[in-house]
Amino acid sequence: MLVAALLVPTTVGIAVLRYRLYEIDRLISRTVSWAVVTALLVAVFAGATNTPLACTLMAIELFAAQNGALLGVGFATYAAIACHVAWLISGKSSIYSAQR
């Protein structure tokens, strides 16, 4: 019974990838590009403001999928890494003069 339940989704997936149905490669490409650009924009803001944790939470809140299906945990991890690397590279400089 388990084999029969897995056979239908597997064959549909093979057909979609083999015959380029629904232009799924285009969808995947756009999704990955969108995630990279989003992480970079948030990382630049994190480096400029010296607030990597706040920017990581902002990225998760603004850009991660609500149900976690599309960009859930993976996106949060990449956003956190990008924000902290930008923070480490920026040093002690900030766009806010009162922040030291």
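Leu-62 is placed in helix H3 of this predicted model. Leu-62 counts as exposed because its relative accessibility is 56%, and the cut-off for that class is over 50%. Together with Phe-45, Met-58, Ile-95 and Tyr-96, Leu-62 makes a nonpolar surface patch of about 490 Å².

The buried residues of H3 include Pro-52, Cys-55, Thr-56 and Ala-59. These residues cover an arc of only 105° around the axis, which means that they lie on the same side of H3. In general, an α-helix has 3.6 residues a turn, so residues three or four places apart point the same way. On the other side of H3, Leu-53, Leu-57, Glu-61 and Leu-62 are exposed.

Which residues does Thr-56 touch, not counting those up to four places away in sequence? Thr-56 touches Ala-76, Ala-79, Ala-80, Cys-83 and His-84. Thr-56 itself lies in H3, within residues 52–63. Its relative accessibility is 6%, and therefore Thr-56 counts as buried, since the class requires a value under 20%.

Asn-50 lies in the loop between helix H2 (24–49) and H3. Is Asn-50 buried or exposed? Asn-50 counts as buried because its relative accessibility is 17%. Most residues other than glycine have a negative phi. Asn-50, however, has a positive phi of about 60°, although it is not a glycine. A positive phi, near 55°, is also found at Arg-20, which follows helix H1.

Ser-90 is placed in helix H4, which comprises residues 72–90. Leaving aside neighbours within four places in sequence, Ser-90 is in contact with Gly-47 and Asn-50.

**Pairs of residues separated along the chain**

The following table gives two pairs of residues with their C-alpha distances.

| Pair | Separation along the chain | C-alpha distance |
|---|---|---|
| Ser-90 and Asn-50 | 40 residues | 7.8 Å |
| Leu-40 and Ala-79 | 39 residues | 8.0 Å |

Leu-40, a member of the second pair, is found in helix H2. Leu-40 is exposed, because its relative accessible area is 52%. Ala-79, its partner in the table, is also among the residues touched by Thr-56.

**The chain as a whole**

How many helices and strands are there in the chain? There are 4 helices and 0 strands, and from the N terminus on the elements run α-α-α-α. Helix H1, residues 2–18, has 17 residues. From its first C-alpha to its last, H1 reaches 24 Å, close to the 24 Å expected at 1.5 Å a residue.

Of the contacts in the chain with a separation of 6 or more, 65% are accounted for by residues 24 or more positions apart. The chain has 100 residues, of which 21% count as buried. Its accessible surface comes to about 7,600 Å², and 72% of that surface belongs to carbon and sulfur atoms.

Notes. Residues numbered from 1 in each chain as written. Predicted model: local features only at pLDDT ≥ 70, side-chain atom pairs only at ≥ 80, totals over all residues. Heavy atoms only, no water. Helix = DSSP H or I, 4+ residues; strand = E, 2+ residues; numbered from the N terminus. Expected span 1.5 Å × (residues − 1). Buried < 20%, exposed > 50% of the residue type's maximum accessible area, 1.4 Å probe, protein only. Contact = heavy atoms within 4.5 Å. Arc of directions from axis to C-beta. Patch = residues over 30% accessible without salt bridge, like charges linked within 9 Å, V, L, I, M, F, W, Y side chains within 5 Å. Areas by Shrake-Rupley, 256 points an atom, 1.4 Å probe, with all protein chains shown as cover. Salt bridge = Lys/Arg side-chain N within 4 Å of Asp/Glu carboxyl O.
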